[in-house]
Amino acid sequence: MGRAFVYVIIGGGVAAGYAAHEFVKRGVAHGELCIISEEPVAPYERPALSKGYLLPEAPARLPSFHCCVGTNEERLAPKWYKENGIELILGTRVKSADVRRKTLLTATGETISYKYLIVATGARALKLEEFGVNGLDAPNVCYLRDLADADRLVDVMQSCSGGNAVVIGGGYIGMECAASLVINKLNATMVFPEAQCMARLFTSRIASYYEEFYQSKGVKFIKGTVLTSFDFSSEGKVTAVNLRDGSKLPADMVVVGIGIRPNTSLFEGQLTMEKGGIKVNGKMQSSNTSVYAIGDVAAFPVKIVGETRRLEHVDSARKSARHAVAAIMEPEKTGEFDYLPFFYSRVFTLSWQFYGDNAGEVVHFGDFSGHTFGAYWINKGHLVGSFLEGGTKEQYEAIAQTTRLKPKIEDLAELERQGLGFALSV
Ligand code: FAD
């Protein structure tokens, strides 16, 4: 049994949704495009899962956050795919891929062939078991990557109201979940091995601001140590978290956010890999010319930093998707992807944006005891990265534009004095 399509996308996440939108904008014919997704729902804006989805009052629920509402564009509900002649195969995992024969085998036993393949398989959450801690089967240990995870987190949170939650990991999943736990009236303690939260991005000064803000909301921090084991009840629920420093934290629930691993396994040994992802060129094309990769799974040349990188951010998923479709459908008119890395988060009443690269020396600016502050990163005499908390739309646009221009910086003290004014004047 088999079907043939001109274009096939594996994965039904953010990148797939934006790619589908771009295909339709560029006039894909009915019956030419197929999307195969393991998830049971049409592509949606994944960041909603750690924000609106976890709110106790009026939480966001599908269909409200299907792609592409995250960029204020059309909302692509399942009906849209049908109307546009796109075959949306949901709840179906692709089991194997043969890039030489240009075929895919699904878990339902169907063979699907393609002329062009777009790999948009994203990433999976790293599990505690991979670090030697047992607990995967416990009903009150939660992860957060997909809708099923989010539903489970909501259920567990609601059943533990007033209780103790331990959050393992100090990255953005940990930070956003800790905020939601407090909003849902749980006592949250964050545990991570680094000396500060968001260690891959924040400077210690920026991290201190968020940690103090979180503490004012009741979140506790235990830094510089890791989880070693759980205590379980007779029903298999986690009742306490044991840390390497010897302490024990009582826990009614645990949320784990310890990083992700790109879903590349279908293509290991078939496509060139780099930085843990599928290596692509500036057209998002892999080492096999019929196969493209987009989103979290793609390692692409980030021109502005002069390096191949794999970015785990929603904006990169959206834009790399659009670029790949343009490169496939209009190759002569499509140049190299020229992407300015962008990442953001929203927690409690706070909201920050980051553009570029956090390399080199740092100049902080603004009012760290108030609401609007930020930082610039200066590498080899040029401004390469910008961070801003509490900015207006215009201010965020200004730091993005300034970072893209990579202006030469001769006097760091002067840059510090000008602060946000520098970006606004460039
Ligand atoms: P995904 O959106 O993960 O989609 C991958 C899809 O592929 C899934 O549908 C999966 O089921 C499917 N799939 C995988 N393997 C197979 C297979 N073999 N067969 C069929 N289907 C398969 N980024 C930000 O910049 N800001 C944020 O605030 C932010 N918040 C986030 C909050 C959460 C809770 C999460 C999980 C991520 C967040 N991100 C954020 C990151 C952002 O969502 C990702 O970068 C983005 O979703 C990547 O898109 P993608 O399409 O590459 O992967």
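Where is Pro63 found? Select Pro63 and you land in the loop between β2 and α2 (78-83); helices (H or I, at least four residues) and strands (E, at least two) are DSSP runs, numbered from the N terminus. A word on the source: this is a predicted model, where local features need pLDDT of at least 70 and side-chain atom pairs count only at pLDDT 80 or more, while totals for chains, interfaces and linings use all residues. Residues are numbered from 1 along each chain as its sequence is written, and side-chain values use heavy atoms, with hydrogens and water left out.

Stay in that loop. Leu62 and Pro63 are joined by a cis peptide bond, omega about 15°. Now pick Cys67 and Cys68: the peptide bond from Cys67 to Cys68 is cis too, with omega near 10°, and Cys68 is found in the loop between β2 and α2. For context, most peptide bonds are trans.

Next, show β1 (residues 2-10). β1 pairs with β6 (residues 111-119) in the parallel sense over eight bridges; strands pair if DSSP finds at least two bridges between them.

Now for the ligand. Select the residues near it (a heavy atom within 4 Å), and you get 35 of them, the closest being Glu39, Arg46, Lys51, Arg145 and Asp296. Zoom in on some polar contacts (pairs of N or O atoms within 3.5 Å):

- A polar side-chain atom of Lys51 sits 2.6 Å from a ligand oxygen.
- A polar backbone atom of Val94 is 2.8 Å from a ligand nitrogen.
- A polar backbone atom of Val314 is 3.1 Å from a ligand oxygen.

The protein covers 96% of the 1000 Å² of accessible area that the ligand has on its own (Shrake-Rupley method, 1.4 Å probe). Color by element and α4 gives the largest share of the shell, three residues.

Last stops: two lysines. Lys275, in the loop between β17 (273-274) and β18 (277-279), has a positive phi near 50°. Lys275 is partly exposed at 45% relative accessible area, the class between buried (under 20%) and exposed (over 50%), with a 1.4 Å probe and protein chains only. Then jump to Lys380, in the loop between β25 (373-379) and β26 (382-389); phi is positive here as well, about 50°. Lys380 counts as exposed, at 76% relative accessibility.

How values were computed. A polar contact is a pair of N or O atoms within 3.5 Å; within protein, one must be able to donate a hydrogen and the other to accept it, and residues adjacent in sequence count only if both atoms are side-chain atoms.
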